[in-house]
Amino acid sequence: MGQDYYALLYLTRSATDADIKKAYKKLALKYHPEKNHEDQSCLEKFKQIAEAYDILSDARKRAVYNQFGEEGLKNGIPDGEGDETTGAWTHGYTFHGNADKVFRDFFGGDNPFQEFYDKVDGDMSMGFGGLHGRGKKKQDPAIERDLHLSLEEVFHGCTKKMKISRRVMNVDGHTSSVRDKILTITVKKGWRPGTRITFPQEGDQGPNNVPADIIFIVKDKENSRFRREGINLVYTANIPLSKALTGCTVEVITLDERVLHIPINDIASPGYKKVVPGEGMALTNNPSQKGDLHIEFNIEFPRQLLPKQKDLINKALPH
């Protein structure tokens, strides 16, 4: 007779997937080599239950084993004998022999055994106090993507629809498929570059992992009129030297398409800024308050002057 993999896990053929996982967990902890130093019988038992779990936790392997036994599973099924309802295959199965890998894949982590035990006076304790909720599935690293927003979108607030493709487990709990999903981001007024929007566990699903978080990070798109510094907007006005010296009115079209006429009565010397209060970006936590508009100046010098113009300038300006 072939090996009875159900008996190895103290189960019957009617066992559910949950029963199989529960049985393996209990026996793997009991017979793990770290708890049973130099006990070859426990080491062999540990390998046997790993092989049993590797077979019974896989729907296809279990289907072949249920119908054809260990011999059919390991030697393969001759063509024509497979039943479509079992999903049986024709190639033989060979256990990879790495019981530690089965254990790590089940519990998660590179050294999962230490996550389940405390050492008490040098001995391993399996009492109820020995479990700390560790050894759970590990979450995949977060997936970060840039979210490029225009200043107009951040100024007004908007809704962005982001399409992602991810692997999703099918109802059988063993296979997966790639499906699209739309994630909705409600952009709040005044969001700054670097703002992070997290969608928990929206990454690829798998039988032995916790899906990654998907994080969108706000980045400013380049704007033809403004740049922003914190909650302030910066506008650069191009004015000729004569206007820088004698004054002018600067026209600014705002992000909400209003036209501001800003009088410049001071001399616009290099580095001079005109501040217009309340015309910047909104504060995210208090949209009724806004930063300021800073107007910088690019002063355009004449390429040449006539002698008469130079004389006039010399007379007008102090030496």
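## A walk through a predicted chain

Valine 234 stands opposite histidine 294, a residue of strand 15. This is a predicted model, in which local features need pLDDT of at least 70 and side-chain atom pairs count only at pLDDT 80 or more, while totals for chains, interfaces and linings use all residues. Residues are numbered from 1 along each chain as its sequence is written, and side-chain values use heavy atoms, with hydrogens and water left out.

**The overall picture**

The chain holds eight helices and 15 strands. Both kinds of element are DSSP runs numbered from the N terminus: helices are H or I with at least four residues, and strands are E with at least two. Of the 319 residues, 37% count as buried. Here buried means under 20% relative accessible area, exposed means over 50%, and partly exposed lies in between (1.4 Å probe, protein chains only).

**Two open sheets**

Let us return to the strands where we started. Strand 9 (residues 232-240) and strand 15 (residues 293-300) run parallel and are joined by eight bridges. Two strands are said to pair if DSSP finds at least two bridges between them. In general, strands of a sheet pair through backbone hydrogen bonds, either parallel or antiparallel. In the other sheet, strand 3 runs parallel to strand 7 (residues 214-220), with seven bridges between them. Glutamate 144 has isoleucine 215 in strand 7 as its bridge partner. The table sets the two sheets side by side.

| Open sheet | Strand order | Pairing |
|---|---|---|
| four strands | 8-9-15-12 | mixed |
| three strands | 3-7-6 | mixed |

**Nonpolar cores**

Which residues have the most contacts inside the largest nonpolar core? They are Leu293, Ile295 and Phe297, in a core of 37 residues. A nonpolar core is a set of buried Ala, Val, Leu, Ile, Met, Phe, Trp, Tyr and Cys residues joined through side-chain atoms within 4.5 Å. Another core lies apart from this one and has 32 residues, including Leu27, Ala28, Tyr65 and Val102. In soluble globular proteins, nonpolar side chains tend to be buried together.

**Around helix 5**

Helix 5 has buried residues at Ala99, Val102, Phe103, Phe106 and Phe107. They lie on the same side of helix 5 because they cover an arc of only 115° around the axis; the arc is that of the directions from the helix axis to the C-beta atoms. These buried residues pack against helix 2 (17-31) and helix 3 (40-56).

Glycine 97 sits in the loop between helix 4 (59-75) and helix 5 (99-107). Why does glycine 97 count as partly exposed? The reason is its relative accessibility of 44%.

**A closer look at glutamate 153**

Glutamate 153 belongs to helix 6 (residues 151-156). Leaving aside residues up to four places away in sequence, glutamate 153 touches His148, Cys158, Lys160 and Val187, where contact means heavy atoms within 4.5 Å. Its side chain also makes a polar contact with the side chain of lysine 160, at 3.1 Å. A polar contact is a pair of N or O atoms within 3.5 Å; within protein, one must be able to donate a hydrogen and the other to accept it, and residues adjacent in sequence count only if both atoms are side-chain atoms.
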